[in-house]
Amino acid sequence: MTSSGLLRRIGLEAAPAGPSVEGLFAVQRAFVTSVPYESIQYQLGRGGPLDQQAVVERMIAREAGGYCFQMNGALAWLLEELGYRVTMHRGGVQTRSAPEPRVDSTHLVLTVDGLPDDPERVWLVDAGLGDGFLEPMPLEVGTSRQTPYTFGLGASSITAGWRLEHDARSAIAGMDFEAAPARIGDFAEQHAYLSTSVGSPFVRVASAFLRRPESVLALRSIEFVETSADRVDTTRMETAAEYYELLADVFQLPLHHLDKGDREQLWGRVLEQYEAYQARLAAADSGQA
């Protein structure tokens with residue numbers, strides 16, 4: 001398998017000429033605006049691949065997306081095919097509802113270094129945070145404004161590595177990751193749990209995210225949210241037809257491989273998830289949560 005199929009999948013007719021800062025930015029931007037971060041794949045109890053080439057093949061054949069291990073695994077594979085020097089790292093995501101920082105191999109992080117036109121700089125490259133980066137971020141203490149969000153980067157307080165602070169409007173509070181290198185196999189145990197267990201957040205809630213140059217698109221169960229610099233627009237999908245049209249036309253996730261029965265089952269599942277979410281909100285408002 002060559003890189004040409006995945007390049008076409010992300011809308012690049014040809015690879016940028018040789019590793020470069022401009023090329024790295026172009027590849028990540030194309031990837032995160034074309035391939036959705038999604039857990040739709042885990043709603044029908046079938047799991048999904050971790051192997052990088054298997055993920056890439058599925059992204060091409062099914063026009064599928066992935067979650068962090070798959071998104072960053074596929075992006076690492078593509079960049080290496082294009083001649084970039086890529087390092088994987090073990091990380092962990094801190095959410096607003098689970099506020100303890102962690103590095104537990106629940107997130108795969110990429111860095112890229114040795115670019116001929118900027119050989120001393122290291123870049124944080126991440127397509128696996130859902131509502132995360134549009135472009136790479138220099139691995140340096142500081143902030144990066146990537147509309148609609150601002151990200152902060154500094155030393156981690158819990159590991160020999162780095163800490164990413166997410167924008168306050170995201171459900172993700174931050175992410176810590178080790179400076180030490182890792183391999184894709186280091187994430188196998190967490191992938192098995194997160195992709196199949198009924199306790200996994202990726203199994204409990206069907207979600208999809210896609211980056212736009214000026215906004216972030218998010219679908220959780222049947223609620224669609226677009227976050228821009230100065231507004232947040234929310235729409236609820238009322239019918240299965242609306243839901244599948246949104247996935248296909250907006251999130252570039254046509255789900256060709258699902259038959260009528262699968263689609264009915266998935267629609268029923270996301271309705272149940274939304275109703276359970278509304279019940280939790282009502283309980284919290286009444287002080288019963």
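Student: How do the residues lining the second largest pocket divide into nonpolar, polar and charged?

Tutor: Seven are nonpolar, four polar and four charged. Keep in mind that this is a predicted model. The second largest pocket holds about 210 Å³ of space, and of the 15 residues that line the pocket, the closest to its centre are Ile40, Gln41, Arg62, His257 and Leu258.

Student: And what volume does the largest pocket have?

Tutor: About 1,400 Å³. Its lining counts 42 residues, with Thr95, Ala171, Pro201, Phe209 and Arg220 the closest to the centre. By type, 21 are nonpolar, twelve polar and nine charged.

Student: Which element gives the most to that lining?

Tutor: Helix 8, with five residues. Strand 2 (85–95), helix 6 (201–204), strand 10, strand 11, strand 12 and helix 8 (260–285) each contribute at least two.

Student: How many cavities of 30 Å³ or more does a search of the whole structure find?

Tutor: One. The largest cavity has about 90 Å³ of space in it. Of its 16 lining residues, Val32, Tyr37, Ala127, Gly130 and Arg211 are the closest to the centre.

Student: What makes that space a cavity rather than a pocket?

Tutor: The way out. A 1.4 Å probe fits in a cavity but cannot get out, whereas a pocket is open. Strand 10 (residues 207–212) has the largest share of the cavity lining, three residues. By type, the lining has ten nonpolar, three polar and three charged residues.

Student: On to the rings. What makes Tyr42 and Tyr67 an aromatic pair, and of which kind?

Tutor: Their centres are 5.0 Å apart, and the cut-off for a pair is 6.5 Å. The planes make 70°; over 60 counts as edge-to-face, so that's the label. The pair also links distant parts of the chain, 25 residues apart: Tyr42 is in the loop between strand 1 (37–38) and helix 3 (52–62), and Tyr67 in the loop between helix 3 and helix 4 (68–81).

Student: Is Tyr42 buried or exposed, and how do you know?

Tutor: Buried: Tyr42 has 2% relative accessibility, and the limit is under 20%. Tyr67 has 0%, so Tyr67 is buried by that test too.

Student: What kind of pair do Tyr149 and Phe151 form, and why?

Tutor: Edge-to-face again. The ring centres are 6.3 Å apart, within the 6.5 Å limit, and the planes are at 85°, over 60. Both Tyr149 and Phe151 are buried.

Student: How many aromatic pairs does the structure hold?

Tutor: Twelve. Ring pairs also link Tyr42, Tyr67, Phe69, Phe187 and Phe202 into a cluster.

Student: How do you know that Arg263 lies over the face of Tyr244?

Tutor: Arg263 is 4.7 Å from the ring centre, and the distance limit is 6 Å. There's an angle test as well, within 35 degrees of the ring normal.

Student: Now the sheets. What makes strand 10 and strand 11 a pair?

Tutor: Six bridges join them, running antiparallel, and at least two are needed. A hairpin connects the strands through two residues.

Student: How many bridges hold strand 11 and strand 12 together?

Tutor: Six, in the antiparallel sense, with strand 12 covering residues 223–228. Ser215 is bridged to Ser228 in strand 12, and Ala218 stands opposite Val225. This hairpin also has two residues between its strands, and Ser221 in the turn has a positive phi of about 50°.

Student: What is the strand order in the open sheet of five strands, and which are the edge strands?

Tutor: The order is 1-10-11-12-13, with antiparallel pairing. Strand 1 and strand 13 (232–236) are called edge strands, as each pairs on one side only.

Student: And what is the order in the open sheet of eight strands?

Tutor: 5-4-3-2-9-8-7-6, also antiparallel, with strand 5 (137–138) and strand 6 (142–146) as edges. Strand 6 pairs with strand 7 (residues 149–155) over five bridges, and Arg145 stands opposite Thr150 in strand 7.

Note on methods: Residues are numbered from 1 along each chain as its sequence is written. This is a predicted model: local features need pLDDT of at least 70, side-chain atom pairs count only at pLDDT 80 or more; totals for chains, interfaces and linings use all residues. Side-chain values use heavy atoms; hydrogens and water are left out. On a 1 Å grid over the protein atoms alone, a cavity is a set of points where a 1.4 Å probe fits but cannot get out, and a pocket is an open set with protein on both sides within 12 Å along at least five of seven lines; lining residues have an atom within 4 Å of a point. Grid points are joined across faces, edges and corners, and a volume is the space filled by probe spheres set on the points. Helices (H or I, at least four residues) and strands (E, at least two) are DSSP runs, numbered from the N terminus. Ala, Val, Leu, Ile, Met, Phe, Trp, Tyr, Cys and Pro count as nonpolar, Asp, Glu, Lys and Arg as charged, and the others, Gly among them, as polar. Rings of Phe, Tyr and Trp (its six-membered ring) pair if their centres lie within 6.5 Å; planes under 30 degrees apart count as stacked, over 60 as edge-to-face and the rest as tilted. Buried means under 20% relative accessible area, exposed over 50%, partly exposed in between (1.4 Å probe, protein chains only).
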